[in-house]
Amino acid sequence: MPARLFLSSGDLIADRRFEFARDLQLKGDLVAAADLLSQAIELAPQFASAWFTLAKIRDELGQRDEAIAAFRQARDVDPEDRHGASLCLMRLGAEPLAPMPKAYVRSLFDQYAPRFEAALIGDLGYRGPSLLFKAVLAVRLAARKPAFFKRAIDLGCGTGLAAAAFAKGVDHFIGIDLSPGMIEQARATGLYAELEVDDMVQGLRGKPDASAELILAADAMVYVADLAPVLGEASRVLVAGGPLAFTVETHDGKDGGRNGGENGGGVRLGEGLRYSHSADYVRAAIEAAGLKLAHCGEASARNEDNVPAPGLVLVATKD
Ligand SMILES: C[S@@+](CC[C@H](N)C(=O)[O-])C[C@H]1O[C@@H](n2cnc3c(N)ncnc32)[C@H](O)[C@@H]1O
């Protein structure tokens with residue numbers, strides 16, 4: 001993953017204290033690091049990176065209440081929440097499950113973009129696009145339909161790995177992604193006819209009814225808590241018979257989990273700050289969107305801590 005986000009305080013001495021604190025943190029001297037961060041915050045009370053790092057250290061030290069207070073400060077001084085403090089609050093059970101802050105996703109992937117493919121394919125054994133390709137092929141074969149599509153939309157297209165997997169079967173690819181850095185990499189591939197920096201639901205809202213023959217989302221729904229809006233829009237934009245193929249990370253869904261929140265036990269936020277969706281939740285969301293489940297296979301799109309992260313590959317079609 002990328003180096004931790006740093007937002008300068010604008011105060012040279014506070015920034016220096018932060019750097020020393022990070023050195024101490026990396027060396028394992030958490031108490032001294034916390035002390036230096038508190039000094040940096042005294043100099044620059046709006047210093048979001050210092051608040052966030054202090055919160056992480058308080059959490060590591062087992063000081064839960066102090067960690068929660070510092071995460072809240074990090075978010076208060078940076079309401080866009082580029083560090084993702086609200087996700088840490090959800091993980092700590094201090095706040096209910098909620099959508100991922102868009103500025104967090106954007107800054108995460110903007111930092112990640114230049115070495116995304118090496119990290120994902122090399123380090124995490126990423127295989128999302130080929131899983132989607134095989135699943136779509138199987139569904140089209142079973143329906144006796146060709147796997148050729150005039151217009152396809154790639155949601156959370158990243159650097160373009162899914163478009164590469166489907167390139168031979170698609171005439172006109174549209175990529176949508178929140179991160180300008182990822183879109184820049186996607187543009188360099190020459191695989192997309194159109195690219196949009198946008199949220200996937202907003203991007204779909206701008207498309208006419210029945211205007212896409214295929215919609216893909218490879219390893220992108222892990223950043224979306226509530227799947228209903230995106231599945232609803234995909235259903236509207238797909239032509240009759242058109243497939244929506246996507247991967248999710250999953251869990252057994254037997255209990256509400258610590259992040260049950262408004263979505264009950266169906267959606268959880270994992271340690272890696274990615275959502276996982278239970279199979280029952282995804283099936284119900286597909287049905288509610290007016291789509292028909294054509295394929296649901298257990299398959300892991302990538303590794304987490306060197307073991308395959310439990311996942312599902314889904315293809316839903318518009319009737
Ligand atoms: C793990 S990457 C996967 C990229 C690509 N689909 C692939 O298979 O390599 C997830 C991508 O989803 C994008 N993303 C996350 N949430 C999004 C949202 N709500 N709308 C649009 N893009 C989003 C991120 O910016 C990132 O580029």
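Ala, Val, Leu, Ile, Met, Phe, Trp, Tyr, Cys and Pro are counted here as nonpolar, Asp, Glu, Lys and Arg as charged, and the others, Gly among them, as polar. By this classification, the shell around the ligand in the predicted model comprises 13 nonpolar, three polar and four charged residues. The ligand is surrounded by 20 residues, of which Tyr126, Gly156, Asp177, Asp199 and Met200 are the closest.

A polar side-chain atom of Asp177 is found 2.6 Å from an oxygen atom of the ligand.

Strand 4 (residues 214-217) was examined next. Leu214 and Leu216 point one way from this strand, Ile215 and Ala217 point the other way, and all are buried. Strand 4 runs parallel to strand 1 (residues 149-155), to which three bridges join it; Ile153 stands opposite Ile215 of strand 4. Strand 4 also pairs with strand 5 (residues 243-249), again in the parallel sense and over three bridges. Within strand 5, Ala245 is the bridge partner of Leu216. A right-handed β-α-β unit is made by strand 4, helix 12 (residues 228-237) and strand 5.

Key. Residues are numbered from 1 along each chain as its sequence is written. This is a predicted model: local features need pLDDT of at least 70, side-chain atom pairs count only at pLDDT 80 or more; totals for chains, interfaces and linings use all residues. Side-chain values use heavy atoms; hydrogens and water are left out. A residue is near a molecule or strand if one of its heavy atoms lies within 4 Å of it. A polar contact is a pair of N or O atoms within 3.5 Å; within protein, one must be able to donate a hydrogen and the other to accept it, and residues adjacent in sequence count only if both atoms are side-chain atoms. Buried means under 20% relative accessible area, exposed over 50%, partly exposed in between (1.4 Å probe, protein chains only). Helices (H or I, at least four residues) and strands (E, at least two) are DSSP runs, numbered from the N terminus. Two strands pair if DSSP finds at least two bridges between them. A crossover is right-handed if, with the strands pointing away from the viewer, the path from the first strand over the helix to the second runs clockwise.
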